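Reader: Good morning. Could you take me through this structure, one topic at a time?

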Amino acid sequence: MLHTLADETADLSPNGLHTAYKEYLQRVIETVGVDTAVTDTDLDGDTIEAVVDGETDDLTLTAAAALAALDDDTPDAEAIVLETRDHLLMGMTTAVLDVDAVAAELDADLTGQEVQQAIEGRIDMTLPELAAIQSVIEQRLEA
């Protein structure tokens, strides 16, 4: 799943995590095929092709989860989204971070309120936003 990729990469920077997400999603699509990805998700062919081409800056967590769920070794998309959000919340708790502290360390242009809304699922965060938030948390946990 997406949040567990941090355990598999040495680069916990936002760019490093975003690259890990992107490469994982590309492998999933390569394995199942573009046609299956289009048929088995609510995503259009242009979105799938963009992911294949490495263009994931506008891809949301929900869309990424739909693609990740095509992997036979992962749960369904809803579970992926919920587990990712739960992982972020648990990481913040363990690292003793609140949303304002996370927002203060982000390169992404998000306020503390927007970080909270993204983690709670009230707004759908993009993969770069997920990578930025997870990076802050993971790097704090590593320290």
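Author: Let us begin with Val 51, which lies in helix H3 (residues 45-52); helices are DSSP runs of H or I with at least four residues, numbered from the N terminus. This is a predicted model, in which local features need pLDDT of at least 70 and side-chain atom pairs count only at pLDDT 80 or more, while totals for chains, interfaces and linings use all residues. Residues are numbered from 1 along each chain as its sequence is written, and side-chain values use heavy atoms, with hydrogens and water left out.

Reader: Is Val 51 buried or exposed?

Author: Val 51 counts as buried because its relative accessibility is 0%. Buried means under 20% relative accessible area, exposed over 50%, and partly exposed in between, with a 1.4 Å probe and protein chains only.

Reader: Which residues is Val 51 in contact with, leaving aside its neighbours within four places in sequence?

Author: They are Leu 25, Gln 26, Ile 29, Thr 56, Leu 59 and Leu 67, where contact means heavy atoms within 4.5 Å.

Reader: And how do H1 and H3 pack?

Author: Helix H1 (residues 14-32) packs with H3 at an angle of about 120°, and their axes are 9 Å apart. Axes are lines fitted to C-alpha atoms, for helices over the stretch in contact, and angles run from 0 to 180 degrees between N-to-C directions. H1 is therefore oblique to H3; angles under 35 degrees count as roughly parallel, over 145 as roughly antiparallel, 65 to 115 as roughly perpendicular and the rest as oblique.

Reader: Which residues meet there?

Author: From H1 come Leu 25, Gln 26 and Ile 29, and these meet Ile 48, Val 51 and Val 52 in H3.

Reader: A change of topic: how many salt bridges does a search of the whole structure find?

Author: The search finds two salt bridges, each defined as a side-chain nitrogen of Lys or Arg within 4 Å of a carboxyl oxygen of Asp or Glu. One joins the side chains of Glu 105 and Arg 140 at 2.8 Å, N to O. Glu 105 lies in helix H6 (residues 99-105) and Arg 140 in helix H8, so this pair ties together parts that are 35 residues apart in sequence.

Reader: What about the pair of Glu 120 and Arg 122?

Author: Their side chains also meet in a salt bridge of 2.8 Å, N to O. Glu 120 is partly exposed, at 42% relative accessibility, whereas Arg 122 is exposed, at 51%.

Note on methods. Helix = DSSP H or I, 4+ residues; strand = E, 2+ residues; numbered from the N terminus.
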